[in-house]
Structures are given as structure tokens and as C-alpha cells.
Amino acid sequence: MTVRSAASGLRLRVLLPLAVVVVLLLGTFTAIFVVETGHRQAEDLARTAASVEVMGREQSAESVRAMRSIMELTMRDRNIESALRARDRQALLELSTPILDQIRPKNRITHFYYILPDRTMLLRVATPEKHSDRIDRFVLQEAQRTGKPSWGNEQGPLGSFTLRVVYPW
């Protein structure tokens, strides 16, 4: 046996296991890195979702406060109260159109309704020609049931997510 073949045999006995160990270590570190990255991404996603939920609740609460203020001021208007008692659609429209025109751009409020106790639509200020249909939304039913203001997010007829605020009057 020559020195060269002995060295070659030694290399195979040492280098081959060493190469296998290096490959296994590299594979292990890669797997740990991939798993850890996945965990970090999942944590980031959960934090982001929680932040979005909090922001949504805060924005919704702010919108409810704005709409409640507007409604409370509207309900103090004796002319509107008289027109509503008389179910005078035209007078309500004339009194309410300027209000909707003012609040629409500032507060992104698009609908302003007067609904009778039997839940039929007396007036849609933005679309006065559409009236007399029955409204059976949960928020309206809750306000009617409790006799107190009610609000919540409901799906609109076209599938949009809509914040509704209802005051029994």
C-alpha cells in the first residue's frame, strides 16, 4: 500500500462523514430559518390584523358620535318635528335637504331617512321618489324594541358594509 492510497483512504473515511455532517447542519439551519420566518410572518400578520380591527372600531365609534350629534340637533328642530308628525314628505324634504347637503361631504353620510313606527319609509332625503317600502333591518328593529338609539354595521342592498344609526323619535 502506498502513502498515496493510504492518504486517499483516510480522506474518504474523514471527509465523507464530515461532508455529510456539514450538509445535515446546513439543512437543519435552513429548516430552522424557514420555520422561524414563518412564525415571524404569522405574528406580524396577527399584529396587523389586530391593529386594523382597533382602527376600524375607533373609526366606527367616531362616525357614530358624529351621526348622533347631527341627529340630536335635527331632532331639536321644531319645524322638522312638526313636518314629521304631519307626515308631510315635501316639508321634510325641504327642511332636510340642506342638512344632508352640509353633512354629506364633511362626514361621508350618504343617507338620511325618516321611517314611520310601522317601519315604512316616509322619506329618503337623497331619493325622495323612493318611499313607502317596509324596512326590517336589525338596527332599526333594535331601536324600536328598546326605545333607545341603536347603531351597527349592516350589509347594504348592494353588498356594501354600512354603518347605520337609528334614533326612535
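**Labels and cut-offs**

Arg47 and Asp44 sit about one helical turn from each other, because they are three residues apart in helix H1. This is a predicted model, where local features need pLDDT of at least 70, side-chain atom pairs count only at pLDDT 80 or more, and totals for chains, interfaces and linings use all residues. Residues are numbered from 1 along each chain as its sequence is written, and side-chain values use heavy atoms, with hydrogens and water left out.

Q: Why is the pairing of Arg47 and Asp44 called a salt bridge?
A: The term asks for a side-chain nitrogen of Lys or Arg within 4 Å of a carboxyl oxygen of Asp or Glu. The N to O distance here is 2.3 Å, so the pair qualifies.

Q: How do you know that Glu36 and Arg40 form one too?
A: Their closest N and O atoms are 3.9 Å apart, so they also pass the 4 Å limit. Both lie in H1, four residues apart. An α-helix has 3.6 residues a turn, so residues three or four places apart point the same way.

Q: Why is Asp44 called partly exposed?
A: Buried means under 20% relative accessible area, exposed means over 50%, and partly exposed is in between (1.4 Å probe, protein chains only). Asp44 has 40%, so it falls in the middle class.

Q: Which classes do Glu81 and Arg78 fall into, and why?
A: Glu81 is at 16%, so it counts as buried. Arg78 is at 59%, so it counts as exposed. The two form a salt bridge with closest N and O atoms 2.6 Å apart, and Arg78, Glu81 and Arg85 are linked in a network of salt bridges.

Q: What makes Thr74 buried?
A: Its relative accessibility is 8%, so it is under the 20% line. Leaving aside neighbours within four places in sequence, Thr74 is in contact (heavy atoms within 4.5 Å) with Ile80, Ile99, Phe112, Tyr114 and Trp169.

Q: How do you know that helix H3 bends at Ser96?
A: The bend is the angle between axes fitted to the seven residues ending there and the seven starting there. For H3 (residues 89-107) that angle is about 35° at Ser96, and Pro98 follows within four residues. Ser96 is also one of the buried residues of H3.

Note on methods:
Helices (H or I, at least four residues) and strands (E, at least two) are DSSP runs, numbered from the N terminus.
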